[in-house]
Amino acid sequence: AMDVRRVLCCGLSCLLVFKVLIFLTVAAVTVTLITLLTQAITYPYPTVPSQDPPYLIGVGRADCTGPPADIPLMGYAVPQQTAAGIHTRLFSRAFIVDDGHKRVVFITADIGMVSQRLRLEVLKALQVKYGTLYRQDNVVLSGTHTHGGPAGYFQYTLFIITSKGYVKPAVKALVDGIVQSVDRAHRSIRPGRIYMSQGTLEDSSLNRSPQSYLNNPQKERDRYETNTDKQVVVLRLTDLDGDGVGMLSWFAVHAVSMNYTNQMISSDNMGYAAYLLEQDKNRGSLPGKGPFVAGFSSSNLGDVSPNTRGPVCANTGLPCDYLNSSCPIGGVSMCQAYGPGEDMFESTRLIGHNIYKKAKELYGKADWEVTGFLHAAHQWVNMTDVTVQINSTHTARTCKPALGHSFAAGTTDGGGDLNFTQGAVEGDPFWDGIRNALVGEPSNETQECHRPKPILFSTGEMSWPVPWHPEIVDVQIITIGSVAVVAVPGEMTTMSGRRIREAIKQELDSGSSFEDTTVVIAGLSNTYTHYITTYEEYQIQRYEGASTIYGPHTLGAYLQKYTNLARAIAQVTQLQRGPEPPYFAKLPNLLPAAPVDKKPVNSSFGQVLEQVLPVYRVGDVVSVTFVAGNPRHSDKTFVTVEVFQNTSSSWEVVHTDASWETRFHWVKGSNRESNATVEWHIPASAQQGSYRIQHFGHYKKMVGFRPLITAYQGSSDVFHFKSHDIFV
């Protein structure tokens, strides 16, 4: 019996030991899998404490949308493309870095470009608040180049004509928003660290002027695999605990996924990328809210399109003429680039998501710490009078500003309506005759200086009511450790940007303070001067070359000026400030004041004209139309989507007009009556429940001889969202 018990116990013990071994094996495998999965999804942030002193870092974001009605949208110069609602709101994002001795500020704003007047107004406002802390040398203002932002903030005649003048409400919204973003960054300053990562992004950009690119030297082109820059540079900003507070990235692509038929304020693909990353990091916050700030900045995007399907003739589906991007029937206006989506909204979403996804990946990988002192160098340059050293024996000069015939042809992202074509190296007697009658013939000196460009408008010789183009231009570089940010006052093409980056890197690395410098181009910065092509690209005279306003040696001049800035930084020497730009006190406003609003008989502002349906599901579009006033009367939120919370018996805002899922359409009717239609495109993430849509606005009426602006609001009926079908 004892042997039986011993055997039985031994058997039970062996069984127990066997089970324990199985458990331990499974546990070990599970731990291994969890570790591997965690390593796959966890950001490899540095765990070894840095020996370098931290920076002081501040980040801030503020709304700069402006009036979403009547004002032309800046970018395509299409007269009928005036604002009539909101696709997404616009934001300014500011990043402050301080090394204890010097401070630099980088601002990226959801606007077409930074104008000289906007920069002057922002710097003036910052001086009032902060004295000499934020100045022209240490503040960089860059635009994302969305073509869906309001115009009206320029002080030169060419832009005044296409913007309906100098529109003070638009200017005020931009200045206030940009300054407020700096205020918030200033208030959030704390010790922190910066880490960098670089990668490449495919399938999100296309060279829209490959003919010009191919005119660059073969030996130079052979050094690069592609005819656009696929490089993405990301800076991850953290506090001392390693928690992220912000991100800055640079990628070269035009923000023209929203095409010239769009009439809603939109931050386009770059803005959508920022929206996605900020929503990802600020969980539970509405768009534009939350502490984490993500800045997506433009770069050398001059010849880079997001329309990755390329150009085709819209009326036939056949390829456009390769050399001049035109169609047999319809000319250049029919040659249109598309993709990657089926419409502009889907294309914006796809390109924006690609940019966001790559930036998020690089943000997670950023483990190379940026350390070292800060530097800033700035100079004003008269770009009409720069001597360019071609070689040891020959020099050339820049020219007075002028636009060529191919400027009027537009691009495959938005062609012109007249019979101009890209690649024109000879003038047209018909259009030249009209030009001579209206504004005068270009001087022989200017024509000779710009060859082979046939001049359409000699803007440097036109000064009524104010000069048509700037002569004095900002050049600027800021460095954060071994990262150099080059603020470029225009749209550099791919190869132009490569030459600038290479020259600055070589100059900085030749000194003792820099090693293996990373140089990024921040395009559309400080002043707008159209395009900057290489000398070789200029000879082809496509749109970009025709829009290189200071002549064929524009890039050569910039190479000299930026190299001088880099040398001054490397050698810690001072440069002359240069001639200051003008500030024109009186600028024309061609946009009439918004009229008095009227409404249908027996109705009220905010009243619903077309009501919602009782029930919706994922993928449906909720739509409701209200009696509305002109949105120019208000600069606040126009739309909220709200869900009823049973636990608190209250309504909670889940979307606003800053959300990707909403669209606010303003329709101007007859007899000064107008409507506002609000759409909510229900996402898969929506929670089942009871909802309503609210619209907020203001209307103008006359009280005696004085206008009175009055607030109103309207609400849809309650509707129900069901996340799935219910079968009974």
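Reply: Start with a definition: buried means under 20% relative accessible area, exposed means over 50%, and partly exposed lies in between. Keep in mind that this is a predicted model.

Me: Is C449 buried, partly exposed or exposed?
Reply: The relative accessible area of C449 is 24%. Buried needs under 20%, and exposed needs over 50%. Because 24% falls in between, C449 is partly exposed.

Me: Which cysteine is joined to C449?
Reply: C449 belongs to a disulfide with an S to S distance of 2.0 Å. A disulfide needs sulfur atoms within 2.5 Å. The partner of C449 is C399.

Me: How many residues apart in sequence are the parts tied by C399 and C449?
Reply: C399 lies in the loop between strand 19 (395-397) and strand 20 (403-404). C449 lies in helix 10 (residues 444-450). The pair therefore ties together parts whose separation in sequence is 50 residues.

Me: Is the disulfide of C399 and C449 left-handed or right-handed?
Reply: Look at the torsion about the S-S bond of C399 and C449, which is about -90 degrees. That torsion is why the disulfide is left-handed.

Me: Is C399 buried or exposed?
Reply: The relative accessible area of C399 is 2%. The cut-off for buried is under 20%. So C399 is buried.

Me: How many disulfides are there?
Reply: One joins C399 to C449. Another joins C313 to C327, with S to S at 2.2 Å. C320 and C335 are also joined, again with S to S at 2.2 Å. The count comes to 3.

Me: Where do C313 and C327 lie?
Reply: The disulfide joins C313 to C327. C313 is in strand 14 (residues 310-313). The parts tied together are 14 residues apart in sequence, because C327 sits in the loop between strand 14 and strand 15 (335-338).

Me: What is the relative accessible area of C327?
Reply: C313 is buried, at 1% relative accessible area. C327 is buried too, and its relative accessible area is 6%.

Me: Is the link of C320 and C335 left-handed or right-handed?
Reply: For C313 and C327 the torsion about the S-S bond is about -110 degrees, so that disulfide is left-handed. For C320 and C335 the value is 110 degrees. The link of C320 and C335 is right-handed.

Me: What is the pairing of the bonded cysteines, numbered in sequence order?
Reply: C313 pairs with C327. C320 pairs with C335. C399 pairs with C449. In sequence order, the pairing is 1-3, 2-4, 5-6.

Me: Is helix 7 roughly parallel or oblique to helix 8?
Reply: Helix 7 (residues 268-281) and helix 8 (residues 344-365) pack with their axes 7 Å apart. Their angle is about 50 degrees. Roughly parallel needs an angle under 35 degrees. So helix 7 is oblique to helix 8.

Me: How many nonpolar residues are in the contact of helix 7 with helix 8?
Reply: Helix 7 brings residues including M270, Y272 and L276. Helix 8 brings residues including I351, I355 and Y356. The contact holds 4 polar residues, 5 charged ones, and a nonpolar count of 9.

Me: Is helix 11 roughly parallel or oblique to helix 14?
Reply: The axes of helix 11 (residues 494-509) and helix 14 (residues 554-571) come within 9 Å. They cross at roughly 25 degrees. Angles under 35 degrees count as roughly parallel. So helix 11 and helix 14 are roughly parallel.

Me: Which residues does S197 touch, beyond four places away in sequence?
Reply: S197 lies in strand 8 (residues 190-200). S197 is buried, with a relative accessible area of 10%. The residues touched are V232, V233, V234, L362, K365 and A366.

Me: Where is P595 found?
Reply: P595 is partly exposed, at 36% relative accessible area. P595 touches N630, H633, R672 and K700, leaving out residues up to four places away in sequence. P595 is found in the loop between helix 14 and strand 29 (608-610).

Note on methods:
Residues numbered from 1 in each chain as written. Predicted model: local features only at pLDDT ≥ 70, side-chain atom pairs only at ≥ 80, totals over all residues. Heavy atoms only, no water. Helix = DSSP H or I, 4+ residues; strand = E, 2+ residues; numbered from the N terminus. Buried < 20%, exposed > 50% of the residue type's maximum accessible area, 1.4 Å probe, protein only. Axes fitted to C-alpha atoms, helices over the stretch in contact; angles between N-to-C directions. Parallel < 35°, antiparallel > 145°, perpendicular 65-115°, else oblique. Contact = heavy atoms within 4.5 Å. Nonpolar A, V, L, I, M, F, W, Y, C, P; charged D, E, K, R; others polar.
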